[in-house]
Amino acid sequence: MRIAVCCTNTKVEPWLHGLRAALPGATVSLVDPEAAGFDPAAQADYAVVWSPPQAFIDSQHSLKAIFNIGAGVDALMKLKLPLGVPVIRLDDAGMSVQMAEYVCQAVIRHFREFEAHESDATQGRWTYRKSSHRAEFTIGVMGLGVLGSRVCQALAQFEYPVLGWSRSPKSLDGVQCFAGESGFKDFLAATRVLVCLLPLTPDTEGIMRRDTLSQLKPGGYVINVARGRHLVDDDLLALIDSGHLAGATLDVFRTEPLPATHPFCQHPKITVTPHMSARTLRDESIAQIAGKLRALDGGAAVSSLAGVVNLNRGY
Ligand code: NAP
Ligand code: GLV
């Protein structure tokens, strides 16, 4: 089995070592079409990638599958991929628990006004604040896939009313589910805290913009942990500054790293983190990918694997 690894913005050596250790019979090579010594004749059976250049895809003519070392495949979907070659993304691999942890902390921090309490404490003030009503603190999660459904479950543990929205109808314990275009308006109107866990596709790009965010309950709050391009930055800023929205916690941005001069960085009502809500865990991910490679090599059908991307839908 020949495996080509091609990743940008990633420390690639540990992936090579990990894949070689997990698959001792395989040839695992680093392929960088922009590096000196690149051999366009070297062909692989499988590719393991993160945001590879088009030149890498174009150089490979015998791929049986492409493995993406992340959950989101939006960077891959921008490329011209070889017809008929399946794309397999990470399926959880330790991300959903991190995402549940991150979203719960953002919701709880906002609901319990931790920031204000901490600020009071640093100024030597002992202040009791009137608490919000949990029953009115409705949380709406857009995207009920691997990550969104785990987040809903975790939020429900704290007895917040939880709503979910997905493309196709879903049924999740303790979650009021909405689906499709027809369910979107009612979902937004009932939501106080909006969490985005959608894949970035042509249908979802810019989904959090003035007309949609204006439909949230007054005092609404936005948590974006999916992709920066889901959000129209200026619309969020305008709605916070007008007082319709109370603030936001943002982990993903149109440009990453987020430039220090971006208005989000200094905004008192916006909390920014550096795309860390659910990191790719290398050991778990290598184990998952190696397991799937062994299965495919042993003759398993691609359709039997979790995480196969529907290339028509783009996720
Ligand atoms: P997933 O399992 O594919 O789930 C995607 C969900 O979004 C599904 O419920 C899907 O509906 C729904 N959806 C897709 N298009 C829709 C549309 N047009 N309207 C309504 N719902 C739509 O994906 P996942 O593993 O949960 O990951 C979600 C995203 O999180 C990734 O794509 C990635 O961008 C992001 N992510 C971020 C981080 C981070 O650290 N910030 C880490 C990992 C992932 P159906 O169920 O009906 O198909
Ligand atoms: C991270 O953002 C991922 O898509 O895995």
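Analyst: For residue classes, Ala, Val, Leu, Ile, Met, Phe, Trp, Tyr, Cys and Pro count as nonpolar, Asp, Glu, Lys and Arg as charged, and the others, Gly among them, as polar. The shell around ligand 2 has two nonpolar, three polar and one charged residues. This is a predicted model, in which local features need pLDDT of at least 70 and side-chain atom pairs count only at pLDDT 80 or more, while totals for chains, interfaces and linings use all residues. Residues are numbered from 1 along each chain as its sequence is written, chains are lettered from A and ligands numbered from 1 in the order in which they are written, and side-chain values use heavy atoms, with hydrogens and water left out.

User: Which residues are around ligand 2?

Analyst: A residue is near a molecule if one of its heavy atoms lies within 4 Å of it. Around ligand 2 these are Gly-70, Ala-71, Gly-72, Met-95, Arg-227 and His-275.

User: What surrounds ligand 1?

Analyst: Its shell holds 29 residues, the closest being Arg-89, Leu-144, Ser-168, Lys-170 and Tyr-315; by class, they divide into 15 nonpolar, eight polar and six charged. A polar backbone atom of Leu-144 is 2.9 Å from an oxygen atom of ligand 1, and a polar side-chain atom of Lys-170 lies 2.6 Å from an oxygen atom of this ligand. A nitrogen atom of ligand 1 is 3.2 Å from an N or O atom in the side chain of Asp-251.

User: How many aromatic pairs does the structure hold, and why is the pair of Phe-178 and Phe-187 classed as edge-to-face?

Analyst: A pair of aromatic rings is described by the distance of the centres and the angle of the planes. Rings of Phe, Tyr and Trp (its six-membered ring) pair if their centres lie within 6.5 Å, with planes under 30 degrees apart counted as stacked, over 60 as edge-to-face and the rest as tilted. The structure holds ten aromatic pairs. Phe-178 and Phe-187 are edge-to-face because their ring centres are 5.9 Å apart and their planes lie at 65 degrees.

Key: A polar contact is a pair of N or O atoms within 3.5 Å; within protein, one must be able to donate a hydrogen and the other to accept it, and residues adjacent in sequence count only if both atoms are side-chain atoms.
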